Amino acid sequence: MSTFLRRSCGAAFVYAIAVQGASADLTAQDVWADWQAYMGGMGYEVSASEATSGAVTTITDLAMSMHLPEEDGNFVMTIPEMTLTENGDGSVAIGLPDSFPLTLDFNSPDEGEFQVELTYSQENLEMTVSGVPDDMTYNYAADTVTVELTSLTDANEVMPPDALKALMTISGVTGSSQMKIGDMRDVAQTMKAAALSYEMAFDDPESDEKALIAGQMEGLGFTGSGVLPKEWDAADYQSLMESGFNFAGGFTFEKGNTNVSGNAEEGPFTLASNSQGGTFDVAMTDAQIKYDVMQNDTKLAVTSSDLPFPIEMAMAGAGLSFEFPVQAGDTPQPFAFGMELTDFTMSDILWSMFDPAGALPRDPATVALDTEGTATVLVNFMDPAVAETLEATEAAPGQLETLNIKQLLVSMVGATLSGTGAFAFDNTNTEEFGGMPAPIGVANLELTGANALIDKLIGMGLLKEQDAMGARMMMGMLAVPGDAPDTLKSEIEINNEGHISANGQRIK
């Protein structure tokens, strides 16, 4: 949906900028001219008729279309009428119809021809643009903004109305979008919404299979800024980056929930989840892309006809972050990757499937990994032509140079493994380690509670004595006793000759 909003409603909601108290008046023609320039620069073909009567310029039969090469299709947005009214105070009010259609035509080699029709509607939308022609601000507010699937036509056959339904509504929307127009477009945006609700229903007319997905997010917010070229192709990321594009923004929400119910071939099922908010941050430059996603206090419950009891799980936090370079170069460039699953718990009835006696500690489990390093990017893999070649040849777009493990943590069932490490990689030596570049460096690991866990697994019958003996012998070879009871430490080193040693003793 973010791509849809950016492309189809960007001119209204995500489009321009502001200087309060500007000295020059802004005219309707200024707004209309820049609207056409902005949408045209994004790759849209714009056509319309216009007429001016007094302070009001009326745009009729406004059509904006764009070819979608990645889907071999076309996107068309048609607005029957739009008004631009000069308010007399140097600002211009934009009036849009309560609803208008959006059409997507596709001709996929795999799926054939099909058409998707959507309806965009709003209630009590107020939008005003102020400033000067090269420095505008759009301020907007609406009670609701809704996008609904109207029809889906496949090979000249219209899908029955009840077969597929989709609806998304944002309520209590307020925001502003500011754009300074020079050699580039400097954009600054803010948006708040009371809630976002969504619903999708599927009912297979040829079977009993059906599903309903419904959910809501509350307390939404977005802040972002960036630089756009005056002309750019959203489908060609490489050329976009080379033009000077950059963007950084963050999305937040206070809480959310999703409910899924349906009937599959195996029988009925339900899924319910809720969380206490989260964040989604993204940054893009000509050198790298960054993502950082986090969700707080998530609970999940699943029922299925295959299971005689519900599955219930919860976690205090779940996050994923990464940044990676996107431009080819001769020198190594930084990257990072991190993930965490904090305080994971599951219901006692699920535990009882493999631990009915409660022998294992049921403390919340945590898994975390935080790494950074450098890599050499060999080709511009974001270029569509290069990406196609890489896919065909299965060649690697780059090579790993260094890796720094800042944190490794696995804590569950009474045992904890933690560690750090730092390695460099010899890309000229891919024979020593089965095709991967030879690592050179040191990892420091600590394991607590392992022997107690092994004893419990033996008592539960999940581990045989001879297998446990082998595991303890392996730990004895790789580790030494730590300072606390049932604690093992290990320093694993790999030298530039491919030799591996544990705590100073060579093991390979």
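Accessible areas come from the Shrake-Rupley method with a 1.4 Å probe. With that in hand, I looked up the surface of the protein chain. Its accessible surface comes to about 26,500 Å². Carbon and sulfur atoms hold 55% of that surface. I note here that the model is predicted.

**Entry 1: the whole chain**

I began with the overall count. The protein chain has eight helices and 27 strands. Along its principal axes, the C-alpha trace spans about 90 × 55 × 50 Å. I then asked how many of the 508 residues count as buried. The figure is 34%.

S12 covers residues 210-229. S12 pairs with strand S13, residues 246-253, in the antiparallel sense. I read seven bridges for this pair. Gly226 has Phe247 in S13 as its bridge partner.

S13 also pairs with strand S16, residues 278-284. This pairing is antiparallel too, over seven bridges. Here Ala248 has Ala283 in S16 as its bridge partner.

**Entry 2: Thr258 in S14**

Next I picked a residue in strand S14, which runs over residues 255-264. Thr258 is found there. Which side chain does Thr258 join in a polar contact of 2.5 Å? I found Tyr198. I then listed what else Thr258 touches, leaving aside its neighbours within four places in sequence. Its contacts include Ile213, Ala214 and Gly215. Leu271, Ala272 and Ser273 are also among them.

**Entry 3: salt bridges**

I searched the whole structure and found nine salt bridges. Side chains of opposite charge can pair when their charged atoms come close. I looked up several examples.

Glu218 and Lys255 meet through their side chains, at 3.8 Å from N to O. Glu218 lies in S12 and Lys255 in S14, so the pair ties together parts that are 37 residues apart in sequence. Are these two buried, partly exposed or exposed? Glu218 counts as partly exposed because its relative accessibility is 28%. Lys255 counts as partly exposed because its value is 37%.

Glu432 forms a salt bridge with Lys508, and the closest N and O atoms are 3.5 Å apart. Glu432 sits in the loop between S22 and strand S23 (438-448). Lys508 sits in the segment after strand S27 (505-506). The pair links distant parts of the chain, 76 residues apart. Glu432 is at 35% relative accessibility, so I marked it partly exposed. Lys508 is at 40%, so I marked it partly exposed as well.

Lys489 and Asp483 meet in a salt bridge of 3.7 Å, N to O. Lys489 has a relative accessible area of 33%, so it is partly exposed. Asp483 is exposed because its relative accessible area is 76%, and exposed means over 50%. I also found a network: salt bridges that share partners join Asp348, Asp355 and Arg362.

**Entry 4: a nonpolar patch**

Which residues make a nonpolar surface patch of about 290 Å²? They are Phe280, Val293, Leu320 and Phe337. At 32% relative accessibility, Val293 counts as partly exposed.

Strand S20 (residues 365-377) pairs with strand S21 (residues 398-412) in the antiparallel sense. I read 12 bridges between S20 and S21. Gly373 stands opposite Leu403 in S21.

Helix H6 covers residues 384-393. What caps its N-terminal end? I found Asp383, with a side-chain oxygen 2.9 Å from the backbone nitrogen of Ala385. After H6 comes Glu394, with a positive phi near 60°.

S21 pairs with strand S22 (residues 415-426) as well, in the antiparallel sense over nine bridges. Asn404 stands opposite Ala422 in S22. S21 and S22 form a hairpin with two residues between them. I checked Val413 in the turn, and its phi is positive, about 45°.

Methods. Residues are numbered from 1 along each chain as its sequence is written. This is a predicted model: local features need pLDDT of at least 70, side-chain atom pairs count only at pLDDT 80 or more; totals for chains, interfaces and linings use all residues. Side-chain values use heavy atoms; hydrogens and water are left out. A polar contact is a pair of N or O atoms within 3.5 Å; within protein, one must be able to donate a hydrogen and the other to accept it, and residues adjacent in sequence count only if both atoms are side-chain atoms. Helices (H or I, at least four residues) and strands (E, at least two) are DSSP runs, numbered from the N terminus. Two strands pair if DSSP finds at least two bridges between them. Patches are made of residues with over 30% relative accessible area and no salt bridge: like charges are joined within 9 Å, nonpolar side chains (Val, Leu, Ile, Met, Phe, Trp, Tyr) within 5 Å. A salt bridge is a side-chain nitrogen of Lys or Arg within 4 Å of a carboxyl oxygen of Asp or Glu. Buried means under 20% relative accessible area, exposed over 50%, partly exposed in between (1.4 Å probe, protein chains only). Contact means heavy atoms within 4.5 Å.
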